[in-house]
Amino acid sequence: MSSAGEGLSRPLPEQVRLHVVELASQILGSMPAASVPLPLKGIAKFDPRKRARLGGAPIAAQLETDKKFRELVAETLTAGWPELVASLAEGTVPPAAEPVMVAAAAYLTRPPGWADMVEAARADLEQSAAAAEGSAQEQTVSRLREQLAGQKTAAKEESERLREQLKTSRSEVSDLRRRLHDARERAKAAEARAAAAQEMADEARAAALSAGSTVESELRRLRERLADAERQLESTRRAAREGRSVEDTKVRMLLDALQDAAAGLRRELALPSGIHRPADSVASVAPGRQGVQAVPARALADDDPALLDQLLALPQIHLIVDGYNVTKTGYGTFTLADQRSRLLTGLGALYAQTRTELTCVFDGAELNGPVPVSAPRGVRVLFSAPNQIADDLIRQLVRAEPAGRAVAVVSSDREVAESVRRMGARPVPSVLLLRRLGRA
């Protein structure tokens with residue numbers, strides 16, 4: 001075979017080693033148990049499909065160190081490839097032989113120059129691997145070039161598509177900006193029209209409210225006049241049925257006032273009832289009679305009871321009292337029933353002292369029905385109708401009196417005071433009556 005000093009400077013090529021281990025594993029399974037090398041006895045029991053894979057390293061080491069086992073494997077190879085083994089023994093490598101088989105046969109049979117044969121086979125294998133790797137790399141490069149070309153084409157197409165989309169998007173954005181500008185202009189115009197319409201609506205509302213207030217005031221005044229006319233008509237009809245008229249009543253009232261004034265004057269002057277003096281026949285302008293407007297008030301405070309005393313001293317004076325205005329000024333913490341009772345009690349005492357015509361008016365607009373009131377002797381108690389306030393009833397009472405009769409209205413309501421003053425009556429603050437009743 002070969003000399004003992006000949007050997008490999010490098011391990012067998014992996015393909016050669018695998019082929020040699022495969023041949024040895026096949027022979028190992030057919031060897032008698034006594035002939036199996038001791039290190040490989042356990043491997044010989046492996047399944048043939050697993051023997052070369054699981055025992056590859058021990059088998060290769062055994063082949064390298066156990067000449068007898070290697071020669072046994074070489075004999076099997078020689079039986080299978082006799083021409084190849086003979087050519088290698090002669091130092092000739094068949095040109096058509098596979099490098100793996102050549103290296104495996106040379107390694108196992110160990111002919112002269114076997115190490116060079118293994119190295120030559122290694123070079124052939126490496127050259128084939130390099131050529132195969134180069135071919136694979138060329139194929140890979142070709143495939144990558146094809147992929148790159150395809151990607152360039154796809155990128156170009158995608159770029160063209162994106163350019164078209166960008167162009168379309170820019171056109172759409174320009175159109176949207178134009179629409180947005182138009183919409184903003186329309187919105188501004190609509191806001192301006194809305195502001196103008198709102199301003200016109202506000203002006204119209206203010207005009208309507210003003211007109212409504214004026215119409216309501218005029219309607220209220222006309223209703224009052226209509227109500228007064230209706231009440232006067234009813235009073236006239238009632239007086240006609242009784243055989244006398246409202247004018248007769250007013251004339252009779254004035255006549256009674258004149259008689260009382262004349263009687264008082266006669267008593268003060270101690271004049272006989274039927275005397276006439278020469279001076280009485282001289283034509284002249286007589287001084288005015290004392291009335292509610294002639295009572296001096298500048299020297300007295302508005303809350304001085306002496307002012308009310310002077311008014312009560314006038315002949316046939318009619319004192320009209322705004323009931324709740326007085327009670328809420330003097331004792332507003334009481335219930336309405338207690339307020340009415342206390343005021344009427346005081347007015348009864350005042351009548352007993354002065355014998356003055358007293359009329360007390362209460363607001364009945366919010367009452368659900370008639371209120372039972374025990375009026376004291378000499379005090380007339382009136383409630384306004386459900387659709388009427390006490391202020392209107394007081395004005396009607398003042399209008400009903402004949403011109404020239406002394407009438408005083410007790411109320412701290414400025415509107416009531418001004419209206420009765422224009423009709424010839426004398427307004428009196430509520431506190432004045434309260435102090436007069438407290439003094440009594």
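Okay, housekeeping before anything else. The model is predicted, so local features need pLDDT of at least 70 and side-chain atom pairs count only at pLDDT 80 or more, while totals for chains, interfaces and linings use all residues. Residues are numbered from 1 along each chain as its sequence is written, and side-chain values use heavy atoms, with hydrogens and water left out.

Let's start with the overall picture. We have 15 helices and five strands; these are DSSP runs numbered from the N terminus, with helices being H or I of at least four residues and strands being E of at least two. Out of 440 residues, 29% count as buried. Buried means under 20% relative accessible area, exposed is over 50%, and partly exposed is in between, with a 1.4 Å probe and protein chains only. The protein exposes about 28,400 Å², and carbon and sulfur atoms supply 55% of that. Those areas come from the Shrake-Rupley method with a 1.4 Å probe, and for residues only the protein chains shown count as cover. As for contacts, meaning heavy atoms within 4.5 Å, take the ones with a separation of 6 or more: 60% of them are between residues 24 or more positions apart.

Now, the cores. By nonpolar core I mean a set of buried Ala, Val, Leu, Ile, Met, Phe, Trp, Tyr and Cys residues joined through side-chain atoms within 4.5 Å. The largest one has 34 residues, and those touching the most other members are Val16, Leu28, Ile59, Leu63, Phe69, Val73 and Leu108. Which elements give two or more residues to this core? They are helices H1 (14–30), H4 (56–65), H5 (67–80), H6 (82–89), H7 (99–109) and H8 (114–242). H7 gives the most, with eight residues. For a close-up, click on Val73: leaving out residues up to four places away in sequence, Val73 touches Leu23, Ala24, Ile27, Leu63 and Leu108. There's also another core lying apart from this one, with 28 residues, including Leu312, Val326, Ala406 and Leu433.

H1 has 17 residues and reaches 25 Å from first C-alpha to last, close to the 24 Å expected at 1.5 Å a residue; the expected span is 1.5 Å times one less than the number of residues. Its buried residues are Val16, Val20, Val21, Leu23, Ala24, Ser25, Ile27 and Leu28. Gly29 and Phe46 are 17 residues apart in sequence, and their C-alphas are 8.5 Å apart.

On to the rings. The whole structure has three aromatic pairs. Rings of Phe, Tyr and Trp (its six-membered ring) pair if their centres lie within 6.5 Å, and planes under 30 degrees apart are stacked, over 60 edge-to-face, the rest tilted. So why is the pair of Tyr324 and Phe362 called tilted? Because the planes sit at 55°, with the centres 5.0 Å apart. Tyr324 is in helix H11 (residues 323–331) and Phe362 in strand E2 (residues 357–362), so the pair ties together parts 38 residues apart in sequence. Tyr324 is buried at 10% relative accessible area, and Phe362 is buried at 0%.

Last bit: backbone. Gln316 has a positive phi, near 55°, without being glycine. Gln316 is in the loop between helix H10 (305–312) and strand E1 (318–322), and is partly exposed at 27%. Arg355 also has phi near 55°; Arg355 lies in the loop between helix H12 (336–354) and E2, and is exposed at 51%.
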